[in-house]
Amino acid sequence: MATIDTVKEILQENLDIAPDQVSEESTFDSLGVDSLDMVELICDLEEKCEIDFGEPEGLATVGDLVSYVDSL
């Protein structure tokens, strides 16, 4: 599964955000994702992708997140 699809799936499961509302250009602010939601998203991504996320900074868009995860 592509990383963007995994992110869309987690956002739908946790925050009821429809996958068709999410693109790589979507900002987390525009999706209503706050800092607590972001922590939960990161934890779920670590589990599903079997990665250690570390301490990323500057992740403003879904595309930023996807690029970061793909680089791990």
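Analyst: The structure, a predicted model, holds one aromatic pair, where rings of Phe, Tyr and Trp (its six-membered ring) pair if their centres lie within 6.5 Å. Local features need pLDDT of at least 70, side-chain atom pairs count only at pLDDT 80 or more, and totals for chains, interfaces and linings use all residues. Residues are numbered from 1 along each chain as its sequence is written, and side-chain values use heavy atoms, leaving out hydrogens and water.

User: How is the aromatic pair described, and which residues form it?

Analyst: A pair of aromatic rings is described by the distance of the centres and the angle of the planes. The ring centres of Phe-53 and Tyr-68 are 5.0 Å apart and their planes stand at 55 degrees, so the pair is tilted (under 30 degrees counts as stacked, over 60 as edge-to-face, the rest as tilted).

User: Are Phe-53 and Tyr-68 buried or partly exposed?

Analyst: Phe-53 is buried, with a relative accessible area of 1%, whereas Tyr-68 is partly exposed at 23% (buried means under 20%, exposed over 50%, partly exposed in between, with a 1.4 Å probe and protein chains only).

User: Which residues does Leu-45 contact, leaving aside its neighbours within four places in sequence?

Analyst: With contact meaning heavy atoms within 4.5 Å, Leu-45 touches Thr-6, Val-7, Ile-10, Glu-50, Ile-51, Phe-53, Leu-65 and Val-69, those neighbours left aside.
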